[in-house]
Amino acid sequence: MKQIIKVGLPMISMVAMVACGGNEAKNDHQEDGHDHAARQNNQQPVEQAQQTASVKLKDDNLNAVYQHYVHLSTALVNSDANEAKVAANAIEAGAKQMSGGGTIASAAAKITTAKDLETQRKHYETLSNEMTKLVKQAGLESGQVYVQHCPMAFNDKGASWLSSNEEIRNPYFGDKMLKCGEVKETIK
């Protein structure tokens, strides 16, 4: 039995590393001081906030919703369910002002009323898929948006999200697997 554990455990770890692009080799709890301080204050890291400001979508209403979407993503990365509710509430209000924003408003409302992070993350996937579609349709006036994907989300079904920052910060796992994922597409 001990031999099975000695051989099996490293193999499982290796599979997880390969599935996440090897990013799990670094201890995710050893963040640079800047990110750590931002997390403790439940705020966006400054680099992400600056890059978000440089992204401007051609559709003003969608652009406003996108800024709240980044806030929601950061809250989920930080595993902050209350902050996720605040951001989702703003997304819901903004999406109701958009043409074709019904799916986004509905998903945001479900995040606002969710009882736990896992449920919020499930509805975040729906919201992210719709946001990706609308951002691609609208186009960008400035900056770049990255479509990122984690193959291990939702029991290896995988899930995607948008980010203004090329660096992976996984909203589906937070600190558990912060850097699990890869950039699948860049929207310019």
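Predicted model: local features only at pLDDT ≥ 70, side-chain atom pairs only at ≥ 80, totals over all residues.
Are Tyr 66 and Tyr 69 buried or exposed? Both Tyr 66 and Tyr 69 are buried.

Tyr 66 and Tyr 69 sit three residues apart in helix 4 (residues 60–77), so about one helical turn separates them. Their ring centres are 6.1 Å apart and the planes meet at 25°; stacked pairs need planes under 30 degrees apart, so this pair is stacked.

Now follow Tyr 69 to its other partner, Tyr 124. These two rings also form a stacked aromatic pair, at 5.5 Å centre to centre with 10° between the planes. Here the link reaches across distant parts of the chain: Tyr 69 belongs to helix 4 and Tyr 124 to helix 7 (residues 117–138), 55 residues apart. Tyr 69 has a relative accessible area of 0%, so it counts as buried, and Tyr 124, also at 0%, is buried too.

Ring pairs join Tyr 66, Tyr 69, Tyr 124, Phe 154, Trp 161 and Tyr 172 into a cluster. The structure's aromatic pairs come to five.

The largest nonpolar core holds 42 residues, and Tyr 66, Leu 127 and Met 131 are the ones with the most contacts inside it. At least two residues of this core come from each of helix 4, helix 5 (81–95), helix 6 (102–113), helix 7, strand 3 (145–150) and strand 4 (159–163). Helix 4 gives the most, with eight residues.

Finally, the charged side chains. The whole structure has nine salt bridges, and Glu 167, Arg 169 and Lys 179 are linked in a network of them. Glu 167 meets Arg 169 at 3.4 Å, N to O, and pairs with Lys 179, where the closest N and O atoms are 3.0 Å apart. Lys 179 and Glu 167 both lie in the loop between strand 4 and strand 5 (182–187), so their bridge ties together parts that are twelve residues apart in sequence.

Another bridge joins Lys 184 and Glu 182, at 3.4 Å, N to O. Lys 184 is exposed, at 51% relative accessibility, whereas Glu 182 is partly exposed, at 39%.

Terms used: Residues numbered from 1 in each chain as written. Heavy atoms only, no water. Phe/Tyr/Trp six-rings, centres within 6.5 Å; stacked < 30°, edge-to-face > 60°. Helix = DSSP H or I, 4+ residues; strand = E, 2+ residues; numbered from the N terminus. Buried < 20%, exposed > 50% of the residue type's maximum accessible area, 1.4 Å probe, protein only. Core = buried A, V, L, I, M, F, W, Y, C linked by side-chain atoms within 4.5 Å. Salt bridge = Lys/Arg side-chain N within 4 Å of Asp/Glu carboxyl O.
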